[in-house]
Amino acid sequence: MKTYSGGCHCGKVRYEVTAEIDKLMQCNCSMCSKRAHLLTFVGADQFRLLAGNDALQDYQFNKKMIHHLFCSTCGIESFARGQKPDGSEMVAINARCLEGVDVGAYPIQQVDGKNF
């Protein structure tokens, strides 16, 4: 496990996440495919929002299961909140928003989010 710093483009939203990144997920749903997200998932206890809670805007679509949180200034969605199938809280991290992470260095798992 390693602790990473991340956030949005303008810097208003800042967080730390402790994760063991061994692969990234690329979803083909309408949101992820248009935004080119590459995701890793952690439990809510592994995520700490440091700044920008007041700058976050929430967007939900389809089954409204995931809170897509984006910065109201720069528009970047650096993370989202939701629940795992077992009901526990999770955070989906946009790995492209993590400092020092080369997303090209990880295998990418394709997920058919269009058909969830």
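This is a short tour of the structure above, one selection at a time.

Before you click, note that the model is predicted, so local features need pLDDT of at least 70 and side-chain atom pairs count only at pLDDT 80 or more, while totals for chains, interfaces and linings use all residues. Residues are numbered from 1 along each chain as its sequence is written, and side-chain values use heavy atoms, with hydrogens and water left out.

**Stop 1: the aromatic rings**

Select Tyr-15, Phe-47 and Phe-79, which form one aromatic cluster. Rings of Phe, Tyr and Trp (its six-membered ring) pair if their centres lie within 6.5 Å; planes under 30 degrees apart count as stacked, over 60 as edge-to-face and the rest as tilted. By that rule there are 4 aromatic pairs. One of them joins Tyr-15 to Phe-47, a tilted pair with 5.0 Å centre to centre and 40° between the planes. It links distant parts of the chain: Tyr-15 is in strand S2 (residues 14-19) and Phe-47 in strand S5 (residues 47-51), 32 residues apart. Strands (E, at least two residues) and helices (H or I, at least four) are DSSP runs, numbered from the N terminus.

Now look from Tyr-15 to Phe-79: the ring centres are 5.5 Å apart and the planes are at 75°, so this pair is edge-to-face. Phe-79 lies in strand S8 (residues 79-83) and Tyr-15 in S2, so the pair ties together parts that are 64 residues apart in sequence.

Tyr-15 is buried at 0% relative accessibility, and Phe-47 is buried at 9%. Phe-79 is buried too.

**Stop 2: the nonpolar cores**

Together with Tyr-15, Phe-47 and Phe-79, they touch the most other members of the largest nonpolar core, which has 22 residues. Such a core is a set of buried Ala, Val, Leu, Ile, Met, Phe, Trp, Tyr and Cys residues joined through side-chain atoms within 4.5 Å. S2, strand S7 (67-71) and strand S9 (89-94) are the elements that give two or more residues to this core, and S2 gives the most, with 3 residues.

Zoom in on Leu-98. Not counting residues up to four places away in sequence, Leu-98 touches Tyr-4, Ser-5, Gly-6, Tyr-15, Val-17, Ile-21 and Ile-93; contact here means heavy atoms within 4.5 Å.

**Stop 3: the cysteines**

How many disulfides does a search of the whole structure find? The search finds 0, where a disulfide is a pair of cysteine sulfur atoms within 2.5 Å. Select Cys-74: its sulfur is 3.8 Å from the closest cysteine sulfur, in Cys-8, which is too far for a bond. Cys-74 is partly exposed, with a relative accessible area of 27%. Cys-97 is in no disulfide either, and the nearest cysteine sulfur, again that of Cys-8, is 8.1 Å away. Cys-97 is buried, at 13% relative accessible area.

**Stop 4**

Thr-40 sits in strand S4 (residues 39-43) and is buried, at 8% relative accessible area. Leaving aside neighbours within four places in sequence, Thr-40 is in contact with Ile-21, Lys-23, Leu-24, Val-91, Ala-92 and Ile-93.

Move to Ala-80, in strand S8 and buried at 4% relative accessible area. The C-alpha atoms of Ala-80 and His-68 are separated by 4.6 Å, although the two are 12 residues apart along the chain. Beyond four places in sequence, Ala-80 touches Ile-66, His-67, His-68, Leu-69, Met-90, Val-91 and Ala-92.

**Stop 5: two positive phi angles**

Ala-36 has a positive phi of about 60° although it is not a glycine. Find Ala-36 in the loop between H1 and S4, where it counts as partly exposed at 36% relative accessibility. Lys-64, also not a glycine, has a positive phi near 55°. Lys-64 is in the loop between strand S6 (56-59) and S7 and counts as exposed, at 51% relative accessibility.

Key: Buried < 20%, exposed > 50% of the residue type's maximum accessible area, 1.4 Å probe, protein only.
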